[in-house]
Amino acid sequence: MKLYRNIIILVVAFLVLIGAYFVVKPMLSVEEEEYKSIEVYKLDKDQAVELTVKNNEDIFAFKKNDTEWELVSGGDFDINQVQIDSIVSNMCDLYAYKLVEEKPKSLEKYGLENPVVVTVKFSDGSTAEIEVGNETPTRTGYYIREKSKDAVYTIALYAGNILKANENSIRNRFILDVTTQEVTEFAVTREGKQSFKALKSNDKGWQLVEPIEAGINMVRLNTALDALVRAEVVDYIEKDVKDLAKYGLDNPSYVVEAATESQRVTLLIGDVKENHSESYGMFKGSNEVFTLNPGSLGFLDTPALEMTDGIIYAPYIYTVNDAEINIDGKTIKLKIEEVKAETETEVDKEYKFYVDGIDVEAKKGEEAVAKFRNYYASLIGVMASAIEPEAEPAGDAEISIIYNLNTEPGKVTVEFIPRDEKTYYAMRNGQYTGIVVRKDAFDAEDGPRKVYENLMTMLQN
């Protein structure tokens with residue numbers, strides 16, 4: 001019986017809700033119609049040339065320069081162009097949804113005795129001016145009135161929030177307000193030691209330059225740059241800071257440097273705030289402290305090794321005329337020979353591949369060619385396992401690869417000098433690369449020793 005009674009109660013409640021829906025829905029439709037029932041301004045925002053916002057603390061004046069707004073008085077900071085456009089747009093397409101009082105005896109209860117005043121001037125010399133007061137008691141809108149007029153209206157909450165602007169709402173909060181494609185320099189220093197530095201050039205693209213010179217991991221780099229250009233200030237704390245130590249900015253935990261062709265920023269990140277979700281920050285050359293979310297800057301603790309592509313030297317196979325591999329006391333010789341097959345319509349490039357004088361394709365066909373390619377890939381695929389830029393390698397190489405190229409620089413020698421029982425120092429043309437390689441990389445299933453063994457097993461059977 002108890003279960004049956006509960007089912008009856010649920011059914012009745014459901015029917016009540018359905019009835020309420022069909023009663024309330026028409027009311028909502030009416031409110032939606034009434035929401036835009038009172039036109040305050042319907043103006044051409046493209047003709048707006050000046051904007052002034054006056055609040056209790058400041059007066060901000062803006063002028064339009066071609067397509068962008070410029071702050072001409074009221075502060076010295078970058079502005080949020082989207083936010084300024086939103087203020088102008090809302091002023092030029094402003095509707096009230098309720099007339100509250102035709103001739104109010106008191107403006108105080110509406111917050112209009114000391115309102116925020118927004119003024120837009122147009123190219124023809126005309127102006128639009130609105131006073132914005134308090135939120136309504138239901139927090140669904142704001143009280144407003146036209147300047148020099150008596151009637152008080154209510155406008156939508158979102159519109160009031162935009163019009164009731166202050167310094168924090170109109171500031172550009174982006175750490176670096178550019179696209180990732182515009183960035184040409186990027187570096188992170190952690191606890192006083194540079195983690196990595198990367199530079200972009202027209203001829204080479206992105207390259208790691210600190211702590212070693214190496215190719216860059218473009219996936220890691222693009223992820224980091226995306227995070228950087230999306231990062232924003234959470235809150236502004238102190239404009240003219242006297243005691244940097246209070247925020248851990250006298251000896252910052254991180255320093256992030258980034259540059260484009262036209263600007264450079266150096267972001268200092270100090271202590272974690274009490275809420276443990278924000279850190280204090282400031283720009284070098286500024287004296288203003290703000291907070292930001294360090295979690296949005298996921299690259300801060302990225303080690304240099306992860307920023308490299310890990311490659312020691314990897315020439316494109318068709319730029320190699322021949323290669324000599326010295327390993328385990330023997331010499332392996334590879335040769336890649338270009339063959340031109342002429343037809344009536346085109347000239348196609350074909351290649352012959354030799355290992356220790358054996359014509360691979362002639363001996364075992366395309367399957368052997370595939371194994372030859374795999375062997376070449378295993379040679380250039382020995383990757384960095386660590387970075388140790390301060391080391392000074394000494395001794396003879398246990399493994400070496402000499403590439404003779406048909407392009408510049410003509411010849412490149414890669415050597416692996418023992419570091420200890422488990423690792424090698426990687427050298428290129430007699431210079432230490434700063435890269436450490438694991439010895440067992442040569443013994444992996446896809447490593448040079450086993451892949452060569454598979455190739456030769458096929459060719460000799």
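Biologist: Before we start, a ground rule: helices (H or I, at least four residues) and strands (E, at least two) are DSSP runs, numbered from the N terminus. Where is the place of Pro211, then?

Modeller: Pro211 is in the loop between β13 (205-210) and β14 (214-215). A word on the source: this is a predicted model, where local features need pLDDT of at least 70 and side-chain atom pairs count only at pLDDT 80 or more, while totals for chains, interfaces and linings use all residues. Residues are numbered from 1 along each chain as its sequence is written, and side-chain values use heavy atoms, with hydrogens and water left out.

Biologist: Thanks! What kind of peptide bond joins Glu210 and Pro211?

Modeller: A cis one, with omega about 5°. Glu408 and Pro409 are also joined by a cis peptide bond, and there omega is about 10°. Pro409 sits in the loop between β25 (399-405) and β26 (411-418).

Biologist: Why would you point those out?

Modeller: Because most peptide bonds are trans. Most residues other than glycine also have a negative phi, which brings me to backbone angles.

Biologist: Okay, which phi does Asp66 have?

Modeller: A positive one of about 60°, although Asp66 is not a glycine. You'll find Asp66 in the loop between β3 (59-65) and β4. Arg139 is another non-glycine residue with a positive phi, near 60°, and its loop runs between β8 (127-135) and β9 (141-146).

Biologist: Is Asp66 buried or exposed?

Modeller: Exposed, because its relative accessible area is 71%. The cut-offs are under 20% for buried and over 50% for exposed, with partly exposed in between (1.4 Å probe, protein chains only). Arg139 is exposed too, at 62%.

Biologist: New topic: how many salt bridges does the count come to?

Modeller: It comes to 25, where a salt bridge is a side-chain nitrogen of Lys or Arg within 4 Å of a carboxyl oxygen of Asp or Glu. One of them pairs Asp93 with Lys42, whose closest N and O atoms are 2.8 Å apart. That pair links distant parts of the chain, with Asp93 in strand β5 (residues 93-96) and Lys42 in strand β1 (residues 38-42), 51 residues apart.

Biologist: And how exposed is Asp93?

Modeller: Asp93 is partly exposed at 33%, whereas Lys42 is exposed at 51%.

Biologist: Which side chain does Arg171 meet in a salt bridge?

Modeller: That of Glu288, at 2.8 Å from N to O. Arg171 is in the loop between α4 (167-170) and β11 (185-190) and Glu288 in the loop between β18 (279-283) and β19, so this pair ties together parts that are 117 residues apart in sequence. Arg171 counts as buried because its relative accessible area is 10%, and Glu288 is buried at 12%.

Biologist: What about Arg190 and its salt bridge?

Modeller: The side chain of Arg190 meets that of Asp301, 3.3 Å from N to O. With Arg190 in strand β11 and Asp301 in the loop between β19 and α6, the pair ties together parts that are 111 residues apart in sequence. Arg190 is partly exposed at 40%, and Asp301 is partly exposed at 42%.

Biologist: Which residues do salt bridges with shared partners join into one network?

Modeller: Glu167, Arg171, Lys239 and Glu288.

Biologist: Let's move to Thr302. What is Thr302 in contact with?

Modeller: Leaving aside neighbours within four places in sequence, Thr302 contacts Ser195, Phe196 and Met307, with contact meaning heavy atoms within 4.5 Å. Thr302 lies in the loop between β19 (289-292) and α6 (304-307). It counts as buried because its relative accessibility is 7%.

Biologist: Last stop, Glu135. Where does Glu135 lie?

Modeller: In strand β8, and Glu135 is partly exposed at 35%. Beyond its neighbours within four places in sequence, Glu135 is in contact with Gly141, Tyr142, Tyr143 and Leu157.

Biologist: And how many Å separate the C-alpha atoms of Glu135 and Leu221?

Modeller: They are separated by 45 Å, and the two residues are 86 residues apart along the chain.
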